[in-house]
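Please read it alongside the sequence and the structure.

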Amino acid sequence: IRTALHRLHAEGGAESPLGTRLRKAFIKALVERSDALQHERSFGPVSENLLDVEEIAEITPFAEEALLVSSELLKDNPADSEVRYWRGRALVRLGRHEDAQIQLRQGLEEHPEHQGIKDLIATMTSLEEITARGTEFYRGGRLREALQLFTSGIDRDQECVDVHAVSLLHYCRSTVLRRCGDFAQGLEDVNVALSLRPKWTKGLYLR
């Protein structure tokens, strides 16, 4: 797609209907590539080397590039809800949740029945609420309930679309498990948290 876009730019056709379709496909490909390594969480056993820090550094710019391309498209067509959806996905990937919410809600104003946007907002809201409630239970000594909530949050986003939220849930569950004396499983969880956010200071300290 990148090669085709470069050719269209050179020929002055980037603003054509074909150019617009290609740029939309490019945004989707960039966001999906930025999420690709996160899906390893679902496929195999966790280890400290599940995701390499350099690999994370390599894929993060894909989401950043998606923001640049989507910004250009929205200048031409600010009412394009599909572009806003993928822009929102890129912002979520980068942990910019407030900015993502703005884009997604604008997308819903333009297309109230956009299922992808509604699902993403629902996931983000649910994970935030689950994390808050689980933390309250943990602080109140209700460890079983906290463990169940954090696990339900992790299961809620099995595709790991909201990387930062899922990382936080694994971190929180690790703290509960350690307090319950299950240090081995607690280490597994903090390793997952760090595989998603390799330079996260709190996760590194907990491990």
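The points below are grouped by topic.

The model is predicted. The protein contains 10 helices and zero strands. Of its 207 residues, 47% are buried.

**Overall fold**
- Along the sequence, the elements follow the pattern α-α-α-α-α-α-α-α-α-α.
- Among contacts between residues at least 6 apart in sequence, 59% join residues at least 24 apart.

**Packing of α5 and α6**
- Two packed helices are described by the angle between their axes and the distance between those axes.
- Helix α5 spans residues 97–110 and helix α6 spans residues 115–139; they pack at an angle of about 145°, and their axes lie 10 Å apart.
- The crossing of α5 past α6 is left-handed.
- On the α5 side, the contact is formed by His97, Ala100, Gln101, Leu104, Arg105, Gly107 and Leu108. These residues meet Ile117, Lys118, Leu120, Ile121, Met124 and Thr125 of α6.
- By class, the residues of this contact comprise seven nonpolar, four polar and two charged.

**Aromatic side chains**
- One aromatic pair is found in a search of the whole structure.
- The pair is formed by Tyr85 and Trp86: their ring centres are 5.0 Å apart and their planes stand at 70°, so the arrangement is edge-to-face.
- Tyr85 has a relative accessible area of 12% and is therefore buried.
- Trp86, with a relative accessible area of 9%, is also buried.
- Elsewhere, the charged end of Arg179 sits over the ring of Tyr138, 5.2 Å from the ring centre.

How values were computed
Residues numbered from 1 in each chain as written. Predicted model: local features only at pLDDT ≥ 70, side-chain atom pairs only at ≥ 80, totals over all residues. Heavy atoms only, no water. Axes fitted to C-alpha atoms, helices over the stretch in contact; angles between N-to-C directions. Helix = DSSP H or I, 4+ residues; strand = E, 2+ residues; numbered from the N terminus. Left-handed = near helix turned anticlockwise from the far one by under 90°. Contact = heavy atoms within 4.5 Å. Nonpolar A, V, L, I, M, F, W, Y, C, P; charged D, E, K, R; others polar. Phe/Tyr/Trp six-rings, centres within 6.5 Å; stacked < 30°, edge-to-face > 60°. Buried < 20%, exposed > 50% of the residue type's maximum accessible area, 1.4 Å probe, protein only. Lys NZ or Arg CZ within 6 Å of the ring centre and 35° of its normal.
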